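Welcome! Try each task before you read its solution.

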Amino acid sequence: MAPDRRFCEDAAVDAKGLQEIPLFADLSRKELEQVARWADEVDVPSGYHLLDQGRFPHEFFVIEEGTVSVTKDGQHLTDLGPGDFFGEIAIVEHERRTASVVATTPVTAIVMLARDFELMEREIPEVAERVREAIRERMRR
């Protein structure tokens, strides 16, 4: 589900700021600018449900600030923080969400709609490979 605009604020993404995020660190200036056009930046409060297990995928998130808790079937899997990303599995696998993600602190994140994530996969294959590697690692857990 898309972040509820009553509880979060969104803004344009700064391409230069993307260089600080490991997923995008090695991209060219042109590629960073393209990613920035595909994405928005959102601020959500602690306790906000960013993803709900079983729902259809609509977004991919990269945490800039704050932390989130990831659960599956009510069991805590992990906590994620700055530089971590989530929401990719359901988009790449064309499945429903495999886990729920809730902000445990106020969170600033980059959010990309599924269609833009799929464009990024096609047009910037090195990012797509990093995402696929993360999916393989998460599926092993």
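Helices (H or I, at least four residues) and strands (E, at least two) are DSSP runs, numbered from the N terminus. This is a predicted model, in which local features need pLDDT of at least 70, side-chain atom pairs count only at pLDDT 80 or more, and totals for chains, interfaces and linings use all residues. Residues are numbered from 1 along each chain as its sequence is written, and side-chain values use heavy atoms, with hydrogens and water left out.

**Exercise 1. Find Ser-46 and describe its surroundings.**

Step 1: Go to the loop between strand S2 (39-44) and strand S3 (49-51); Ser-46 is there.

Step 2: Check its accessibility. Buried means under 20% relative accessible area, exposed over 50%, and partly exposed in between (1.4 Å probe, protein chains only). Ser-46 has 42% relative accessibility, so it counts as partly exposed.

Step 3: List its contacts (heavy atoms within 4.5 Å). Leaving out residues up to four places away in sequence, Ser-46 touches Ala-103, Thr-104, Thr-105 and Pro-106. Its side chain reaches the backbone oxygen of Thr-104 at 3.2 Å.

**Exercise 2. Look for the salt bridges in the whole structure.**

Step 1: Apply the rule: a side-chain nitrogen of Lys or Arg within 4 Å of a carboxyl oxygen of Asp or Glu. The search finds 3 salt bridges.

Step 2: Take Asp-26 and Arg-130, whose side chains meet at 3.2 Å, N to O. Asp-26 lies in the loop between helix H1 (15-18) and helix H2 (29-38), and Arg-130 in helix H5 (residues 125-140), so the pair ties together parts that are 104 residues apart in sequence. Asp-26 is exposed at 63% relative accessibility, while Arg-130 is partly exposed at 25%.

Step 3: Move to Arg-29 and Glu-33, with 2.9 Å from N to O. Both lie in helix H2, 4 residues apart, about one turn of the helix.

Step 4: Finish with Arg-97 and Glu-59, whose closest N and O atoms are 3.9 Å apart. Arg-97 lies in the loop between helix H3 (88-93) and strand S8 (100-103) and Glu-59 in strand S4 (residues 59-65), so this pair ties together parts 38 residues apart in sequence. Both residues are buried.

Terms used:
Polar contact = N/O pair within 3.5 Å; in protein donor to acceptor, adjacent residues only side chain to side chain.
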